[in-house]
Amino acid sequence: HCTMPKNQLERLQLINGRLKRPGLPVIARAELMEICECSERTLKSDLALLRETHEAPVVYHRKEAGYQY
């Protein structure tokens with residue numbers, strides 16, 4: 001069973017929804033890629049769009065290899 005790729009708006013909503021949950025630790029890059037059903041390159045592009053266009057306070061944590069607001 002194959003699912004359709006998510007469009008950019010769906011991915012942005014999923015990323016934002018996951019990152020803005022209160023009390024959550026850093027969200028692993030791999031987890032966001034799985035949730036969005038996308039490649040690392042696509043995820044990075046979406047995160048850049050959230051930062052630059054929507055002024056989202058996305059922070060990358062190298063040690064945990066993940067993101068948070």
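Reader: OK, so Lys and Arg count as positive and Asp and Glu as negative, while His and the chain ends are not counted. How far apart are the mean positions of the charges of the chain?

Author: They are 3 Å apart, for 11 positive and 9 negative charges. The place of a charge is taken as NZ of Lys, CZ of Arg, CG of Asp or CD of Glu.

Reader: Before I go on, what kind of model is this?

Author: This is a predicted model, where local features need pLDDT of at least 70 and side-chain atom pairs count only at pLDDT 80 or more, though totals for chains, interfaces and linings use all residues. Residues are numbered from 1 along each chain as its sequence is written, and side-chain values use heavy atoms, with hydrogens and water left out.

Reader: Which residue does Arg11 pair with?

Author: Arg11 forms a salt bridge with Asp46, at 2.5 Å from N to O. Arg11 is in helix H1 and Asp46 in helix H3, so this pair ties together parts 35 residues apart in sequence.

Reader: Are those two buried or exposed?

Author: Both Arg11 and Asp46 are buried. Buried means under 20% relative accessible area, exposed means over 50%, and partly exposed is in between (1.4 Å probe, protein chains only).

Reader: What about Arg18, which residue does its side chain meet?

Author: Arg18 meets Glu31 in a salt bridge, 2.3 Å from N to O. Since Arg18 lies in helix H1 and Glu31 in helix H2, parts that are 13 residues apart in sequence are tied together. Arg18 is buried because its relative accessible area is 15%, whereas Glu31, at 31%, is partly exposed.

Reader: And Lys6? Which residue is its partner?

Author: That's Glu37, with the closest N and O atoms 3.7 Å apart. The pair links distant parts of the chain, 31 residues apart: Glu37 is in the loop between helix H2 (29-36) and helix H3 (40-54), and Lys6 is in the segment before helix H1 (8-19). Glu37 has a relative accessible area of 38%, so it counts as partly exposed. Lys6 is partly exposed too, at 25%.

Reader: Which residues are linked in a network?

Author: Arg29, Glu40 and Lys44, through salt bridges.

Reader: How many of the residues count as buried?

Author: 25% of the 69 residues.

Reader: Last one: where is Pro22?

Author: Pro22 sits in the loop between H1 and strand S1 (27-28). Pro22 is exposed because its relative accessible area is 76%. The C-alpha atoms of Pro22 and Tyr69 are separated by 9.6 Å, and these residues are 47 apart along the chain.

Methods. A salt bridge is a side-chain nitrogen of Lys or Arg within 4 Å of a carboxyl oxygen of Asp or Glu. Helices (H or I, at least four residues) and strands (E, at least two) are DSSP runs, numbered from the N terminus.
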